[in-house]
Amino acid sequence: MIQGAKAVSTSGTEVRLVDTTTEALGRCCAKLTVTANTLNTDKIYLGTSSVSTSAFGVSLEADQSHTFGPGDGGGNSVDLSNIWIDAGVNGEGVKFIGEQI
């Protein structure tokens with residue numbers, strides 16, 4: 001199992017869900033659930049490296065979750081390094097948990 005949290009320091013600036021340098025081991029999962037933090041006051045946006053508050057794959061309100069599964073990225077697993085987030089408000093973020101392959 002892999003778990004963590006990520007915040008967006010500056011709204012409008014996409015952030016990779018995991019840092020590929022320091023969190024490279026175990027970054028592929030069979031399933032990954034991303035949940036917007038309870039105290040968020042605006043939406044969190046999930047997508048690719050070009051995610052923004054106007055171009056995104058999924059948006060989450062506080063406490064909402066989205067689960068990625070096999071095939072969501074075209075393969076048999078979910079690669080955390082391909083998931084990026086943005087936030088409507090500085091400092092807001094997500095927590096995530098994944099089942100490792």
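## The nonpolar core

The largest nonpolar core has 21 residues, and those that touch the most other members are Leu17, Leu32, Val34, Ile44, Leu46, Leu80 and Ile85. Strands E3 (28-36), E4, E5, E8 (84-87) and E9 (93-100) each give two or more residues to this core, and E3 gives the most, with four residues. Here a nonpolar core is a set of buried Ala, Val, Leu, Ile, Met, Phe, Trp, Tyr and Cys residues joined through side-chain atoms within 4.5 Å, while strands (E, at least two residues) are DSSP runs numbered from the N terminus.

This is a predicted model, in which local features need pLDDT of at least 70 and side-chain atom pairs count only at pLDDT 80 or more, although totals for chains, interfaces and linings use all residues. Residues are numbered from 1 along each chain as its sequence is written, and side-chain values use heavy atoms, leaving out hydrogens and water.

## The open sheet

Four strands form an open sheet in the order E2-E8-E4-E5, with antiparallel pairing, where two strands pair if DSSP finds at least two bridges between them. Its edge strands, E2 (15-16) and E5 (58-60), each pair on one side only. E4 (residues 44-47) pairs with E5 in the antiparallel sense over three bridges, and Leu46 stands opposite Val58 in E5.

## The salt bridge

The count comes to one salt bridge, defined as a side-chain nitrogen of Lys or Arg within 4 Å of a carboxyl oxygen of Asp or Glu. The side chains of Lys31 and Glu99 meet in a salt bridge at 3.6 Å, N to O. Lys31 lies in strand E3 and Glu99 in strand E9, so the pair ties together parts that are 68 residues apart in sequence.

How values were computed: Buried means under 20% relative accessible area, exposed over 50%, partly exposed in between (1.4 Å probe, protein chains only).
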